[in-house]
Amino acid sequence: MDTHRTRTTSRRGDTAGRRRPALATVAMALVPVLGMTALAACGSDGGGDTSPSATVRPSAPATASFTGAVPSALESLAASAKASVSAAASSASARASEFEASVSAEVARAGTAAEKELKDVDGRGNATADVSLTGKPRAETGGLLAVVVNITNRSDDTASYAVQVDFQAPDGKVVETRYVGAEDLAPGERALPLAISRKPPEPQLTAKIAKAQRY
């Protein structure tokens, strides 16, 4: 009986002895695997080179702080056109003033003398054949209506001239009168004073020689 128990115990001991090395071998084999798994987990959490890149999506702008309304393309175009028209009108007015100022001093002086000379003249005067009118482009006058009064001394003596220019509306009514003159023209000499209207472009006016006197 004791002999049988001793053999059984011996076999169990031998089996247990054989199992311990086998389990140790398995445990040693699992250690590298578990270590690699832990390293992989750390790599994915740490944001290294092996981690997948995140996709950034643009967010919609916050409109809570916006005030007013965005102007439409048509409104912007209209505002731009209005500003352009205003600037063009101001520019044209400036050019007209500059042009008139450049000739006003001489025209005013000669005009005063011509008006005084024509005051006592009956009819159209004695020198209408020596005077003619030529239109001047509005592009050169800042948009003003201006005519060149061509005065040529066709007499044999030195003479001065006084001319009255009327600006007529389409119905024939005289709405404006200007006086121009030329002094001490030698025989055959020519003068080209300007008669300038200050009336608006519309309605269109027509310039006409009302009187011309040689003296």
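Tutor: Start with Asp184, which counts as exposed because its relative accessibility is 57%. Keep in mind that this is a predicted model.

Student: Where does Asp184 sit?
Tutor: Asp184 is in strand 4, which covers residues 174-185.

Student: What about its phi?
Tutor: The phi of Asp184 is positive, about 55°, and Asp184 is not a glycine. Most residues other than glycine have a negative phi.

Student: New topic. Which strand holds Lys211?
Tutor: Lys211 belongs to strand 7, residues 206-214.

Student: Is Lys211 buried or exposed?
Tutor: Lys211 is buried, and it has no salt bridge. The nearest side chain of opposite charge is Asp122, 6.5 Å away. A salt bridge needs the atoms within 4 Å.

Student: Then what lies 3.1 Å from a polar atom of the Lys211 side chain?
Tutor: The backbone oxygen of Val121 does.

Student: Which residues does Lys211 contact, leaving aside neighbours within four places in sequence?
Tutor: Val121 again, along with Leu118, Gly123, Arg124, Ala162, Val163 and Gln164.

Student: What lines the largest cavity?
Tutor: Its lining includes Arg138, Leu145, Ser197, Lys199 and Pro203.

Student: Where is Pro203?
Tutor: Pro203 is in the loop between strand 6 (194-197) and strand 7. A cis peptide bond joins Glu202 to Pro203, with omega about -5°. Most peptide bonds are trans.

Notes. Residues numbered from 1 in each chain as written. Predicted model: local features only at pLDDT ≥ 70, side-chain atom pairs only at ≥ 80, totals over all residues. Heavy atoms only, no water. Helix = DSSP H or I, 4+ residues; strand = E, 2+ residues; numbered from the N terminus. Buried < 20%, exposed > 50% of the residue type's maximum accessible area, 1.4 Å probe, protein only. Lys, Arg positive; Asp, Glu negative; His and termini not counted. Polar contact = N/O pair within 3.5 Å; in protein donor to acceptor, adjacent residues only side chain to side chain. Contact = heavy atoms within 4.5 Å. 1 Å grid on protein atoms, 1.4 Å probe; cavity = no way out; pocket = protein on both sides within 12 Å on 5 of 7 lines; lining within 4 Å.
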